[in-house]
Amino acid sequence: MAETAAGTVLCEDGLLRPVWGSEPGMMRDYYDTEWGMPVDGENAHFERLSLEGFQSGLSWSIILRKRPAFREVFCDFDVDTVAAFGDEDVERLVVDARIVRNRAKIEATIGNARATQELRDDGGLVELLWSFRPDTTPRPVTFADVPTVSAESTAMSKELRRRGFRFVGPTTMFALMEAVGIVDTHLVDSFRRGSSGVWAPDGTPVA
C-alpha cells in the first residue's frame with residue numbers, strides 16, 4: 001500500500017482509503033460498509049449516540065471490538081428496555097469487563113434512553129438529530145482538513161443537553177453526525193466519498 005499526497009492510501013485492492021481504514025480487518029470493514037451511512041429507526045440512532053458517548057476519551061477501535069458485547073448487555077439498544085434498567089442493572093454492567101466499565105457513561109446511557117422516550121412527543125430522536133444537518137458538508141482533501149466540531153454539532157449538543165441527555169458534547173456529536181451521514185467527511189479522493197446517498201461528492205445535498 002502507498003500513501004498519496006492527499007493522505008489517502010492506495011490499497012492492494014486498488015481503492016483509495018484514509019489511513020485509519022486502510023489495513024484489512026475490522027476497521028476497514030467498518031469504513032467500507034458502515035461509517036458515514038444512514039441508519040434506520042430510533043433504536044439504531046440511540047445505539048450510535050450511546051457508543052459515541054462510550055468512545056469519549058478512547059479510540060473507536062476499542063468500542064468497535066466491544067460492540068457485540070455492548071449490544072448484548074444493552075439488549076440491542078432497545079430504547080424502552082434500556083430505559084427500564086435499574087440500579088441492579090448498573091451494578092451488573094460496571095463489573096462486566098467486556099464493555100467499558102464507566103459508571104457515569106452507563107448511567108448516562110440509561111438516562112439517555114429515558115430522554116429518548118420523552119422526545120417521542122416532540123418528533124423523536126431521529127427527527128431531532130437530522131434537524132441539524134447543514135446545507136453543505138466539508139470537502140476535506142487531507143486528514144488535517146477534517147473538522148472535529150461544527151456550529152451544527154454544537155447546537156445539537158446544546159439541544160440534547162437541554163432535553164436531559166448526557167455525554168453529548170459538541171465533538172462527540174460531530175462524530176455521531178459523521179457516523180450516520182448527517183455530514184460526509186470522507187476525503188475527496190476516497191472511494192467512499194458520496195456513498196451515503198445524502199451528499200454528492202462535491203458536498204451538496206442529494207436527499
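1. Helix α2 passes α3 in a right-handed crossing; a crossing is right-handed if the near helix is turned clockwise from the far one by less than a right angle, and left-handed if anticlockwise. The model is predicted: local features need pLDDT of at least 70, side-chain atom pairs count only at pLDDT 80 or more, and totals for chains, interfaces and linings use all residues. Residues are numbered from 1 along each chain as its sequence is written, and side-chain values use heavy atoms, with hydrogens and water left out.

2. The axes of α2 and α3 lie 10 Å apart, at an angle of about 130°. Axes are lines fitted to C-alpha atoms, for helices over the stretch in contact, and angles run from 0 to 180 degrees between N-to-C directions. The two helices are therefore oblique to each other (under 35 degrees counts as roughly parallel, over 145 as roughly antiparallel, 65 to 115 as roughly perpendicular, the rest as oblique). Helices are DSSP runs (H or I, at least four residues), numbered from the N terminus.

3. In this contact (heavy atoms within 4.5 Å), Glu47, Leu51, Glu52, Phe54 and Gln55 of α2 meet Trp60, Ile63, Arg67, Phe70 and Arg71 of α3. By class, the contact of α2 with α3 has five nonpolar, one polar and four charged residues. Ala, Val, Leu, Ile, Met, Phe, Trp, Tyr, Cys and Pro count as nonpolar, Asp, Glu, Lys and Arg as charged, and the others, Gly among them, as polar.

4. Helix α2 also packs with α9, at an angle of about 135° and with the axes 9 Å apart. That makes α2 oblique to α9. Arg48, Leu49, Glu52 and Gly53 in α2 meet Thr172, Met173, Ala175, Leu176 and Ala179 in α9.

5. The largest pocket holds about 650 Å³ of space. On a 1 Å grid over the protein atoms alone, a pocket is an open set of points with protein on both sides within 12 Å along at least five of seven lines, a cavity is a set where a 1.4 Å probe fits but cannot get out, and lining residues have an atom within 4 Å of a point. Grid points are joined across faces, edges and corners, and a volume is the space filled by probe spheres set on the points. Helix α9 gives the most to the pocket lining, with six residues.

6. One cavity of 30 Å³ or more is found in the whole structure. About 60 Å³ of space lies in the largest cavity, whose lining includes Leu49, Gly53, Phe54 and Lys105.
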